[in-house]
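Please walk through this structure with me, one element at a time.

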Amino acid sequence: MTSEISDTEQSSPDRPGAVQRFGEFVAVRLHGHVAELVLDRPKAMNAVSTAMARSITAACEALSADASARTVVLTSTHDRAFCVGADLKERNSLTDAELVRQRPTARAAYTGVLELPMPTIAAVHGFALGGGFELALACDVIVADATAVVGLPEVSVGVIPGGGGTQLLPRRVGAARAAELVFTARRVAATEARELGLVDILAEDARARALELAAAMAANSPVGLRAAKRAMRLGHGLDLRAGLEVEDAAWRSVAFSGDRAEGVAAFNEKRKPEWPGE
């Protein structure tokens, strides 16, 4: 259910199954056109330290520039946690001035996941709390298994969700439901989380189901996938007329692409498309 990284796996980034490290705590494993972004700080239950935040940002920058990556799945190597949020032990050691300087680094990690241009899926196993749940919320789809426990407990330690939670959660479940969850700081187990819309799919094995779903998405046009995501993200919250203009701009960006030509040809020739990705 977790994505343990073997020491014997190859480090070359250009072959299926290969693993590319981004610092000590983050890796990217390739599965064809599916990239698995692995949180790999098991000794701290993937608590996001400054170093780990930098690594998440670097991995997201690399994935954003990788035209062969059509979908991304965010996973964990820990057997009881997806991610427990910010590294509070490190935070406790920072002076006020150091915390101010650290803030852009932490924020960039969450923004990096949120702004990945391709479809993203979080595979939640165990605890996804605070910043950990915010990393999942930054993804387009959240798959969870029966062990999942999610929540934004920041007000219980005197802060607020600062990795996008106050903005992403209301967009997912509505303002009143988000307010109840944030203000109570309560943890929500898998079944209720699915009922409330905090996660989208419950599966026996979250990672396997997320990879399966990502592979199904990756079979489609990479140009189309990115344009569709851009249209949905930019159009969300706009009035209908403005949203349709966003959609039209995205349509124009793909209408004369190589992928569109190949997709139409493959349909007419009754074969699988071979996407040029441009």
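Two strands pair if DSSP finds at least two bridges between them. Helices (H or I, at least four residues) and strands (E, at least two) are DSSP runs, numbered from the N terminus. This is a predicted model, in which local features need pLDDT of at least 70 and side-chain atom pairs count only at pLDDT 80 or more, while totals for chains, interfaces and linings use all residues. Residues are numbered from 1 along each chain as its sequence is written, and side-chain values use heavy atoms, with hydrogens and water left out.

Start with strand 3 (residues 34-39) and strand 4 (residues 71-76). They run parallel and share 6 bridges. Within this pair, E36 lies opposite V73 of strand 4. Both strands belong to an open sheet of 7 strands, ordered 1-2-3-4-6-8-11, with mixed pairing. Its edges are strand 1 (19-22) and strand 11 (201-202), and each pairs on one side only.

Strand 1 pairs with strand 2 in the antiparallel sense, over 4 bridges. V19 faces R29 of strand 2. The two strands form a hairpin with 3 residues between them, and there G23 takes a positive phi near 70°.

What packs on this sheet? Helix 8 (residues 206-218) does, touching strand 2 (26-31), strand 3, strand 4, strand 6 (120-124), strand 8 (141-144) and strand 11. Contact here means heavy atoms within 4.5 Å. The direction of helix 8 makes about 170° with that of strand 6. Axes are lines fitted to C-alpha atoms, for helices over the stretch in contact, and angles run from 0 to 180 degrees between N-to-C directions.

Strand 6 also holds T120. Is T120 buried or exposed? Its relative accessibility is 1%, so T120 counts as buried. Buried means under 20% relative accessible area, exposed over 50%, and partly exposed in between (1.4 Å probe, protein chains only). Leaving out residues up to four places away in sequence, T120 touches V72, A138, C139, D140, V141 and K229.

A further open sheet has 4 strands in the order 5-7-9-10, again with mixed pairing. Strand 5 (81-83) and strand 10 (188-189) are its edges; each has a single partner strand, so one side of each lacks a neighbour in the sheet. Strand 5 pairs with strand 7 (residues 127-129) in the parallel sense, over 2 bridges. A81 stands opposite F127 of strand 7.

Next come the helix pairs. Helix 1 (residues 50-64) packs against helix 3 (residues 96-114) at about 40°, with the axes 8 Å apart. The two are therefore oblique to each other. Angles under 35 degrees count as roughly parallel, over 145 as roughly antiparallel, 65 to 115 as roughly perpendicular and the rest as oblique. T50, A53, R54, I56, T57 and C60 make the contact from helix 1, and Q102, T105, A106, A108, A109, G112 and V113 from helix 3. By class, these residues are 7 nonpolar, 5 polar and 1 charged. Ala, Val, Leu, Ile, Met, Phe, Trp, Tyr, Cys and Pro count as nonpolar, Asp, Glu, Lys and Arg as charged, and the others, Gly among them, as polar.

Last, helix 5 (residues 165-173) packs with helix 6 (residues 175-184) at about 130°, axes 7 Å apart. These helices are therefore oblique too. L169, P170 and V173 of helix 5 meet A175, R177, A178, L181 and V182 of helix 6. That contact has 7 nonpolar, no polar and 1 charged residues.
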